[in-house]
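Grab a pencil: here are a few exercises to work through with the model open beside you. Try each task before reading its solution.

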Amino acid sequence: MTRHIARWLVAVILFAASLGAAAQVMELASGQRSATLENIRQRGAIVVGVKADYPPFGTRDATNHWEGLELDMARALADRLGVRLRLVPVTGANRLQRLEEGTVDVLIATMGDTAERRRVATIVEPNYYASGVTLMVRPETRLRDWAELRGHTVCAVQGSYFNRPMSQRHLLTLLNFNTARDARLALRDGRCIGYLFDNTAIWADLRGPAWAGYHAPLAPAMVVPWAVALARHEAGSVLERWLGDLLAEWHRNGFLQERERAWGLPASSFLAGERVRWMAVADDGQPVWRRGQDGQWPATC
């Protein structure tokens, strides 16, 4: 009985500590009230929407264990708050819906930062990665330019920001799927000339034995940065500001570049540039890129 009581007391202490860590966010960062943060404090856990089909950013291994660069970010975020981490798999098609309906607290799900998405979600600044769109094709397919795709059918993942503009720009017929896996398998089955998706994910696929001989001959187009997102009602909240400060810290201390190397990704020029930018120091010894008295990042940031 004594051991059970001791374990119960430890659990209570740990839970109280987690609430205290989350409460410190409210105390140390200025901003509007955050309903999401209050929910996190009450449950003692943060719910993060992540990809389950996008190695090496978010996926599950052979034992169904979550892994990837964005999973590392989610774990570091939960650790900093001092709460448990709950992961919810999302897709390009449903991730913003999951955020709006409150199924997840935060999205870290390979989401490009676009004007359209800024109208339906709170985009946390700074961005944390960047990618463009390219085309994965079968071994026998030869392409030299995007213009050669005119009139062809390409496999795509529903909800990707580049689908409509790429189809309009190059007169493509899109064959949409809910997941990247289904789109890749459709390419293998010969249902399309190529698989249209983020270059980072395609490069990761091409390193694996399952896609030996497949290639991505076209230069990435429409390169955009990736963003962590909160629900619309979190705009200007204490949680948005705290997350932004954490992302800036990760650029300054090299956490994101270290995770990039750990997952075998090519060195990102975006991350290299962000590290230099956020490490810049003014004459007063303070970071050049710091929040103003209004709590906002500089407009040039």
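**Exercise 1.** What volume does the largest pocket have? Work out its lining as well.

*Solution.* Keep in mind that this is a predicted model. Step one: the volume of the largest pocket comes to about 380 Å³. Step two: 16 residues line the pocket, and E116, R117, G159, S160 and Y161 are the closest to its centre. Step three: sort the lining by type, and you get five nonpolar, seven polar and four charged residues. Step four: look for helices. Helix 4 (95-100), helix 5 (115-118) and helix 6 (163-170) each supply at least two lining residues, with helix 6 giving the most, at three.

**Exercise 2.** Classify the ring pair Y54 and F197, and say which parts it ties together.

*Solution.* Start with the total: the whole structure holds 13 aromatic pairs. In this one, the ring centres are 5.4 Å apart and the planes meet at 45 degrees, so call it tilted. Now check burial, where the cut-off is under 20% relative accessible area. Y54 has 1%, so it counts as buried; F197 has 4%, so it is buried too.

**Exercise 3.** At what distances do arginine charges sit over the rings of W289 and W297?

*Solution.* Take W289 to begin with: the charged end of R277 lies over its ring, 5.5 Å from the centre. Then W297: the charged end of R291 is over that ring, 4.1 Å from the centre.

Methods: Residues are numbered from 1 along each chain as its sequence is written. This is a predicted model: local features need pLDDT of at least 70, side-chain atom pairs count only at pLDDT 80 or more; totals for chains, interfaces and linings use all residues. Side-chain values use heavy atoms; hydrogens and water are left out. On a 1 Å grid over the protein atoms alone, a cavity is a set of points where a 1.4 Å probe fits but cannot get out, and a pocket is an open set with protein on both sides within 12 Å along at least five of seven lines; lining residues have an atom within 4 Å of a point. Grid points are joined across faces, edges and corners, and a volume is the space filled by probe spheres set on the points. Helices (H or I, at least four residues) and strands (E, at least two) are DSSP runs, numbered from the N terminus. Ala, Val, Leu, Ile, Met, Phe, Trp, Tyr, Cys and Pro count as nonpolar, Asp, Glu, Lys and Arg as charged, and the others, Gly among them, as polar. Rings of Phe, Tyr and Trp (its six-membered ring) pair if their centres lie within 6.5 Å; planes under 30 degrees apart count as stacked, over 60 as edge-to-face and the rest as tilted. Buried means under 20% relative accessible area, exposed over 50%, partly exposed in between (1.4 Å probe, protein chains only). A charge sits over a ring if NZ of Lys or CZ of Arg is within 6 Å of the ring centre and within 35 degrees of the ring normal.
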